[in-house]
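Please view the sequence and the model before reading on.

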Amino acid sequence: MAAVLQELKPLAELGMISPRSRARMIRSLRQQGIQDQQVLAAMERVPRHLFVAEALASRAYEPVSLPIGWGQTISQPMMVARMLASLMAANRPRRVLEIGTGSGYQTALLAALGLEVCSIERIEGLARAAQARLFALGFQRVQLRLGDGGQGWQEQAPFDAIIFTAAVPCALPPLFHQLRAGGTLLMPQELQGGQQRLKLFRWDGIEAMETDLGDCLFVPLRPGTVIQRDRQGA
Ligand code: SAH
């Protein structure tokens with residue numbers, strides 16, 4: 001992993017946003033129970049403030065989700081850390097499919113963890129901005145696709161893990177067939193009544209074993225593709 005992390009080009013830090021803010025975020029994640037050293041190291045290295053609008057950059061290391069335009073949000077650091085730690089603990093994946101690239105922050109972290117990453121985003125403006133950031137940071141090997149990720153990415157399957165960053169309605173057929181046996185699917189699931197639970201499924205090739213990881217709050221998974229480049233909202 002160290003080699004992959006070193007691929008990140010050192011970037012000019014923005015104004016007041018120093019690596020110290022990032023170190024503070026890491027301390028707080030550790031205090032809240034995140035123990036996976038690889039996840040913490042990746043989050044210490046990837047500059048989260050470059051994944052939000054400049055006007056919000058000073059808040060990037062606070063324990064909050066932030067708007068990224070088009071009515072979407074970058075998840076709060078603790079949720080990202082929990083998801084990555086659960087994924088890494090489940091089966092030490094090598095190839096992962098992410099559905100909901102958004103800002104590309106979690107995509108960058110997955111790549112920094114040394115995974116081969118395929119990621120799908122349905123909003124063109126977000127997908128393009130994420131691609132530019134990931135390229136500038138040295139993650140050229142990430143494969144991004146503009147489209148509706150609800151169907152997964154059959155041409156790239158099988159994956160060791162699939163991770164949704166938007167809440168999946170119960171009715172959506174799960175993408176187990178795009179996982180290899182022993183693979184993991186991690187997703188916020190929207191239950192009837194609107195409540196969301198973070199669910200981890202271990203797929204053995206025939207059946208899935210479900211673990212409930214608790215309450216969560218994500219933007220909903222939506223069908224179709226939005227071809228619109230101009231940022232709307234913050
Ligand atoms: N992990 C992201 C969070 C993005 S929020 C980050 O670090 O920024 C969830 C994202 O899922 C949004 O960008 C939204 O546009 C996207 N999304 C919602 N439904 C989708 C679908 N069907 N296919 C692909 N992306 C989808």
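## The largest pocket

About 610 Å³ of space lies in the largest pocket. Here a pocket is an open set of points on a 1 Å grid over the protein atoms alone, with protein on both sides within 12 Å along at least five of seven lines, and its lining residues have an atom within 4 Å of a point. A volume is the space filled by probe spheres set on the points, which are joined across faces, edges and corners. Of the 37 residues that line this pocket, Thr73, Ser75, Thr165, Phe218 and Val219 are the closest to its centre. Two or more lining residues come from each of β2, α4 (77-91), β3 (95-99), α5 and β4; these are DSSP runs numbered from the N terminus, with helices (H or I) of at least four residues and strands (E) of at least two.

The lining of the largest pocket divides into 17 nonpolar, 15 polar and 5 charged residues. In this division Ala, Val, Leu, Ile, Met, Phe, Trp, Tyr, Cys and Pro count as nonpolar, Asp, Glu, Lys and Arg as charged, and the others, Gly among them, as polar.

The model is predicted: local features need pLDDT of at least 70 and side-chain atom pairs count only at pLDDT 80 or more, while totals for chains, interfaces and linings use all residues. Residues are numbered from 1 along each chain as its sequence is written, and side-chain values use heavy atoms, with hydrogens and water left out.

## The ligand and its shell

The ligand takes up the space of the largest pocket, a molecule being placed in a pocket if more than half of its atoms lie within 2 Å of the grid points. The ligand is surrounded by 24 residues, of which Ser103, Glu121, Asp148, Gly149 and Arg222 are the closest; a residue is counted if one of its heavy atoms lies within 4 Å. This shell comprises 9 nonpolar, 11 polar and 4 charged residues.

Polar contacts (pairs of N or O atoms within 3.5 Å) can be listed by residue. A polar side-chain atom of serine 103 lies 2.6 Å from a ligand oxygen atom, and a backbone N or O atom of glycine 149 lies 2.7 Å from a ligand nitrogen atom.

## The cavity

The whole structure holds 1 cavity of 30 Å³ or more, a cavity being a set of grid points where a 1.4 Å probe fits but cannot get out. The lining of the largest cavity consists of Phe164, Val168, Leu172, Pro173, Pro174, Leu175 and Met187.

Notes. Polar contact = N/O pair within 3.5 Å; in protein donor to acceptor, adjacent residues only side chain to side chain.
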